[in-house]
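Work through these exercises with the structure open beside you. Try each task before you read its solution.

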Amino acid sequence: MRILLADANPAAALEPLDLAPGRAKLYRRVRSRGVYPAIDMVFYGNHQRLEYDFEIAAGRDPGSVKLAFDGIDNMRLDPHGDLLLGSGTFQIRQPKPVAYQLIGGQKKPVSVAYQIDASHGYVRFRSGRYDHSQPLVIDPELVFDQTFGGSGATSASAIALDP
């Protein structure tokens, strides 16, 4: 399965963040700057889970982010608002996203949900009320419900960027 950003900026540049200690050049996070106008995407690991955030600048519409998924057979929302992506017997769950704004050094939660645009096969974000004069962070997460590979362990260890 691949996550694609539909109608995104193909020239978005990758920027390494948070150099990890050690001899090898490893980074804890990677930012793809300007995937949409004034919207960045940041990838990072969190307790053996791959996460990605959308950092949305003040005044921008989080609904302009359009996620498409290549290599899946079906896509649906469960009653809790989780996004379920299926490919054969394999299922990937993206729990209901979390969103927040940093205001005065405090994380202020913002209501957000996935919205499936069935006619075009995209997933967008629908947000509740928030202060549009401040940046917004939307924090989805990938959870693999089943293992893949022969070791019984599931992990994601790389991010690939192509045209």
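**Exercise 1.** Find which residue of S11 Ile 103 stands opposite.

*Solution.* Start at Ile 103. Its opposite number in S11 is Gln 106. Keep in mind that this model is predicted. Now widen the view to the strands. Strand S10 covers residues 98-103. S10 pairs with S11 in the antiparallel sense, over 5 bridges.

**Exercise 2.** Find the salt-bridge partner of Glu 15, and say which strands the pair ties together.

*Solution.* Take the partner first. Glu 15 forms a salt bridge with Arg 33. Their closest N and O atoms are 2.6 Å apart, within the 4 Å cut-off. Then locate each end. Glu 15 sits in strand S2 and Arg 33 in strand S3 (residues 27-36), so the bridge ties together parts 18 residues apart in sequence. Glu 15 has 26% relative accessibility, so it counts as partly exposed. Arg 33, at 41%, also counts as partly exposed.

**Exercise 3.** Decide whether Asp 40 and Arg 31 are buried or exposed.

*Solution.* Begin with the contact. Asp 40 and Arg 31 form a salt bridge, with the closest N and O atoms 3.6 Å apart. Buried means under 20% relative accessible area. Asp 40 has 11% relative accessibility, so it counts as buried. Arg 31 has 11% as well, so it is buried too. Now step back. Both residues belong to a network of salt bridges that links Glu 15, Arg 31, Arg 33, Asp 40 and Glu 55.

**Exercise 4.** Describe the salt bridge between Arg 93 and Asp 82, and where each residue lies.

*Solution.* Start with the distance. The two side chains meet at 3.1 Å, N to O. Arg 93 is in strand S9 (residues 90-94), while Asp 82 is in the loop between strand S7 (74-77) and strand S8 (83-87), so the pair ties together parts 11 residues apart in sequence. Then compare the ends. Arg 93 is partly exposed at 23% relative accessibility. Asp 82 is buried, with a relative accessible area of 12%.

**Exercise 5.** State how many salt bridges the count comes to.

*Solution.* Apply the 4 Å cut-off between side-chain nitrogen and carboxyl oxygen. The count comes to 9 salt bridges.

Definitions and conventions. Residues are numbered from 1 along each chain as its sequence is written. This is a predicted model: local features need pLDDT of at least 70, side-chain atom pairs count only at pLDDT 80 or more; totals for chains, interfaces and linings use all residues. Side-chain values use heavy atoms; hydrogens and water are left out. Two strands pair if DSSP finds at least two bridges between them. Helices (H or I, at least four residues) and strands (E, at least two) are DSSP runs, numbered from the N terminus. Buried means under 20% relative accessible area, exposed over 50%, partly exposed in between (1.4 Å probe, protein chains only).
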